[in-house]
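User: Please take me through some of the charged side-chain pairs here, with the cut-offs behind each term.

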Amino acid sequence: RGAEEKGQVERLARALLAKGRRNFYFILVYAKQPSLYPANLLRNLALEPVQSRMVFLLDIDLIPDAGFYSYVMSNFPALAEQSKSSVFTIPAFNGVGGHASSEETFPVDKPELMQMLSAKQIKPILSGENEFWAAFSCLNYDTWLTSTQPYTTQYQWPCEPYLLAATASVPWYDERFVHYGNDKAQHVLNIFYHQFAFQVLPEHFLVHWEHALAEWADERKRSEHMGEVLELTEQFKFESGTEAGVNWHTGVKFAPGTYRVKNGKMIVWNGQEWIDQASGQPTDPI
């Protein structure tokens, strides 16, 4: 099995090279425990070799519109400068009734997307009945439909849009999330805790490429470990929020002088980092 898959990857790499592509990087990973959902481990493996100044944190089944790459490159200096304090996102959509089911039938630009929306051939992703609309509703789709300029949207848990960000500012995904649920939401929350604004770009979008559901998508398997996931999520919120110097319930920055007691020692937030009061040295608050 391994040799066959390795051969497929090598063949794809040769095809890309023949087309003049050099900007690809493949990592072949084999699961020791197929019952787990190690998405964050895989995301970190993909993130580690990134050398570009900015990175688009995107699942493989979401396809940007045809003009998005050109937009990013044309506006790269401005985006890179703003990425010191902002991350960028674009809304995602899903075909309806067999429409927009392959790349050949995806809308090419926003006007075509708007036509398909009017004809009910496409819809905001996960916006249907019994779907997880909370994952994307924070983008404020109604504003996007009429916007011609980027706008700032208010993050709210458990929103998990796909983000374009400065590579150096992107935290690692928490690899303790090995079961389905909150694995990507925790990462977006961590970015919010670090005080980044969320900007929505107005003319570009993603379309979900329909595919067969994976084995882990079985509803019973998804819910089997949900108690563990929820407990880990609360632990993560406390740890990451505290480390970032924010109230983990609200995301509001601690005032300088806020303190914690750890192992009998007072640890003080100075507005930028946690300091051991006795030694004056930076320290881990957790």
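User: At what N to O distance do the side chains of arginine 43 and aspartate 59 meet in a salt bridge?

Analyst: This is a predicted model, in which local features need pLDDT of at least 70, side-chain atom pairs count only at pLDDT 80 or more, and totals for chains, interfaces and linings use all residues. Residues are numbered from 1 along each chain as its sequence is written, and side-chain values use heavy atoms, with hydrogens and water left out. A salt bridge is a side-chain nitrogen of Lys or Arg within 4 Å of a carboxyl oxygen of Asp or Glu. Arginine 43 and aspartate 59 meet this rule, N to O, at 3.8 Å.

User: Which parts does the pair of arginine 43 and aspartate 59 tie together, and how far apart are they in sequence?

Analyst: Helices (H or I, at least four residues) and strands (E, at least two) are DSSP runs, numbered from the N terminus. Arginine 43 lies in helix H2, whereas aspartate 59 is in the loop between strand S1 (54-57) and strand S2 (62-64), so the tied parts are apart in sequence by 16 residues.

User: Does arginine 43 count as buried or exposed?

Analyst: Buried means under 20% relative accessible area, exposed over 50%, and partly exposed in between (1.4 Å probe, protein chains only). With 16% relative accessibility, arginine 43 counts as buried.

User: What separates lysine 237 and glutamate 234 in helix H9?

Analyst: The side chains of lysine 237 and glutamate 234 meet in a salt bridge of 3.5 Å, N to O. Because they are three residues apart in helix H9 (residues 226-244), their separation is about one helical turn.
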